[in-house]
Structures are given as structure tokens and as C-alpha cells.
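Hello,

Here is the structure you asked for. Please look at it first, then read the notes below it.

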Amino acid sequence: MSFGNPRHHRRSLDSTNDLAREFAAVGAPQGTVVTAEEQVAGRGRQGRSWTAPAGKALLYSAIVRPLEQRHLVLPLAAPLAVADAAEEVADVSCAIKWPNDVWIEGRKCAGVLIEARPQDGWAVIGVGLNVSIEPGEFPEELRETATSLDADATVDGALEALNESLTRWTRADPQEVLAAFRDRDALRGREIAWDGGNGTAEGIDERGNLLVATGSGEQVSLGAGEVHLRLD
């Protein structure tokens, strides 16, 4: 289950995930990777856009097939792979904001979007990793919340590192994935809010759901919805 061969690279794309899904639908093999210098309609979770200056971020999508039981934790395995790759090419320490944002010192440096067709036996892992974006190059509304790897990091280096780390984590036993995610959990012990409530994050359960203790003493389990840190 290695990644990067074949690799399809484009100067500009609407979305690497869109092209990877097209390839997957016509039988592209396990490990096929799509990359681009820039995206003009990149997508993040919850329908958000993902933009980056051309050539300064790793814009990457990879095909996983066939889907197996261990891939139930793929939404956790993928950001672990991104975190490992970032630390391989830059002097940084990464944490993960559940379920799949990669943080450096509390700021987002990468996001993961997985789109799957279980009935057809494949999934596409989309990654946007900020590699060499200067602070002033981020949109004004992101300058307080986004970050990038250090100036010595390269997109090619990040690509190679991600191919290797994704190979490891997509093969990993689910219990290893859960343990590693807990070690990188950026939310545990912090006050959070979501649509319908608020409370203190208490880690993840065996299915990868977020556990939260509410003010009433109840523990709830959240699926991959929208969770915010409480800043008040």
C-alpha cells in the first residue's frame, strides 16, 4: 500500500480531489497520487475553500483501494501521516485538532479531506499542507490562525515524506492509530463548543469519536462535525 506511483501533476487544477476521484472511478490503482502547483477551487471540510499561493503548499490527493476494516480509522490515520511528514521536513512539532486539522503552536498548517465510495471500494485522501507561505501571504482573515512550515522546507520534500508516512499509517493497526492520535490530541482537556452544546474534550473513543464532558456531568460522543475552541 505505497503511494506516489503513479503520480499525476498539474500546474493548475480546480481541485486535486476532484481529479483523483475521476481517476478512482475508472479504476486507477491503489497509491495513485494527484498533485498541483495551485488549486482554484480547492475544498476543505464543511464546504470551505482551501487556497494557497502557487508553488508554496503541497496540494495532494491519494487513492486508497481496496478499503478494508482497518480503514475505518482512516480519518485519524491521514492527519497522523501529515503530522509526521511535516516534522520530517521542518523543525516543528505538530498536534491534531480533532478530527483532521494539523496544528503548529495552535495555528493550522494543514487540513485533510477524505471522500469515499465504500460501495466501490475506494477513498481519496486530500491534503493541503502549507509549506513556505509567508505570514503576509495568507488572506487577512487567516493571518491569526494559519501558519506554514519553516523557510527551509520544500514542497518536493514534503511530497516524498507524505508518500512514505501515508504508506505507514494506512497499513497500521487501528489500535496503533488511536494511540498515536491520542498522543497528538490538541483538544483534550480544553473547553470546546459545538452546534448543540459545550463542554470539556476528554479524548477519543475506540471508534475515533470525540468524547466531551458537559457541565451537567454527562459524557457525549461526537461524530465528525464542527467543533470550536471556546475563547471566552
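A helix axis is a line fitted to the C-alpha atoms over the stretch in contact, and the angle between two axes is taken between their N-to-C directions, from 0 to 180 degrees. Please keep in mind that this is a predicted model.

Helix packing

With that definition, helix H2 (residues 74-89) and helix H4 (residues 174-184) have axes that come within 10 Å and cross at roughly 55°. H2 and H4 are therefore oblique to each other, and their crossing is left-handed. On the H2 side the contact is made by Leu76, Ala77, Pro79, Leu80, Ala83, Asp84 and Glu87; H4 brings Val177, Leu178, Ala180, Phe181 and Arg184. By class, these residues are nine nonpolar, no polar and three charged.

Backbone

Most peptide bonds are trans, and most residues other than glycine have a negative phi. Where does this model depart from that? The bond joining arginine 65 and proline 66 is cis, with omega about -5°; proline 66 sits in the loop between strand S5 (57-64) and H2. Another cis bond runs from tryptophan 98 to proline 99, with omega near 0°, and proline 99 is in the loop between strand S6 (94-97) and strand S7 (101-104). Glutamate 105 has a positive phi, near 50°, and belongs to the loop between S7 and strand S8 (107-117).

Regards

Note on methods
Residues are numbered from 1 along each chain as its sequence is written. This is a predicted model: local features need pLDDT of at least 70, side-chain atom pairs count only at pLDDT 80 or more; totals for chains, interfaces and linings use all residues. Side-chain values use heavy atoms; hydrogens and water are left out. Helices (H or I, at least four residues) and strands (E, at least two) are DSSP runs, numbered from the N terminus. Angles under 35 degrees count as roughly parallel, over 145 as roughly antiparallel, 65 to 115 as roughly perpendicular and the rest as oblique. A crossing is left-handed if the near helix is turned anticlockwise from the far one by less than a right angle, and right-handed if clockwise. Contact means heavy atoms within 4.5 Å. Ala, Val, Leu, Ile, Met, Phe, Trp, Tyr, Cys and Pro count as nonpolar, Asp, Glu, Lys and Arg as charged, and the others, Gly among them, as polar.
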